[in-house]
Amino acid sequence: MGDSEAARPCPGEPLTPARERHAAELAAILVALAERAALHPSDLPRSTIRALGAVQEGAQVSLGELSGSLGIAPATASRLCGRLEDAGLLVRRPDPADRRRLVLELTPRGEARLRTYRAQHLRHIATLLRLPDVDLAAFAQALAALREGLLERLGAAESPCPPAARRLAAPPPRAGQERRRRRS
């Protein structure tokens, strides 16, 4: 057993005052970072970014699956998709396996807009993380360990976790790496 494994508390074990203080500080930092990151200036509304990202992440996403992923009513998802279609960012196509079902796909313009937004967003996040490289590397390593812990816990959870928690726990795609598509 390595030193890092020995330092991990068991589930249900009381927190030491130091561990509780560190957890509270980390929570405050992550919330502040998320709030500031959400303030990233963009010409795309947040709902559009979330919808485009959800469609891009999935394979053959239906309107119902999109509404569930975003946590919005199907009618709201339908209106949102209508606006995205009108803007040329998304199309609805019949599912080749089930003609009664419509699937959502990003258009090349939608892919480009999402790619541009994400690049700008990453630059924005990088400016928030004004740390020396060694500290930034340690922070990234700590967040990777946190993500792994979340994956372990979410995999063992009896209740389904919200889509945002799954996205938080999932590792980000690497540049140049094809994204894996899930078939629902």
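This is a predicted model: local features need pLDDT of at least 70, side-chain atom pairs count only at pLDDT 80 or more; totals for chains, interfaces and linings use all residues.

Colleague: What makes residues 61–62 a strand?

Modeller: A strand needs at least two residues in a DSSP run. Strand 1 covers residues 61–62, and therefore it meets that requirement.

Colleague: How do you know that strand 1 and strand 3 pair?

Modeller: Pairing requires at least two bridges between the strands. Strand 1 and strand 3 (residues 98–106) have two bridges, so they count as paired, in the antiparallel sense. Within this pairing, Ser 62 stands opposite Val 103.

Colleague: Why are strand 2 and strand 3 called paired?

Modeller: Six bridges join strand 2 (residues 90–95) to strand 3, and the requirement is at least two, so the term applies. These two strands run antiparallel, and a hairpin of two residues joins them. Arg 93 stands opposite Val 103 in strand 3.

Colleague: Which elements make up the whole protein, and in what order do they run?

Modeller: There are eight helices and three strands. From the N terminus on, the order is α-α-α-β-α-α-β-β-α-α-α.

Colleague: What makes a residue count as buried, and what share of the protein does so?

Modeller: A residue is buried if its relative accessible area is under 20%. Of the 184 residues, 24% count as buried, so that share falls under the cut-off.

Note on methods:
Residues are numbered from 1 along each chain as its sequence is written. Side-chain values use heavy atoms; hydrogens and water are left out. Helices (H or I, at least four residues) and strands (E, at least two) are DSSP runs, numbered from the N terminus. Buried means under 20% relative accessible area, exposed over 50%, partly exposed in between (1.4 Å probe, protein chains only).
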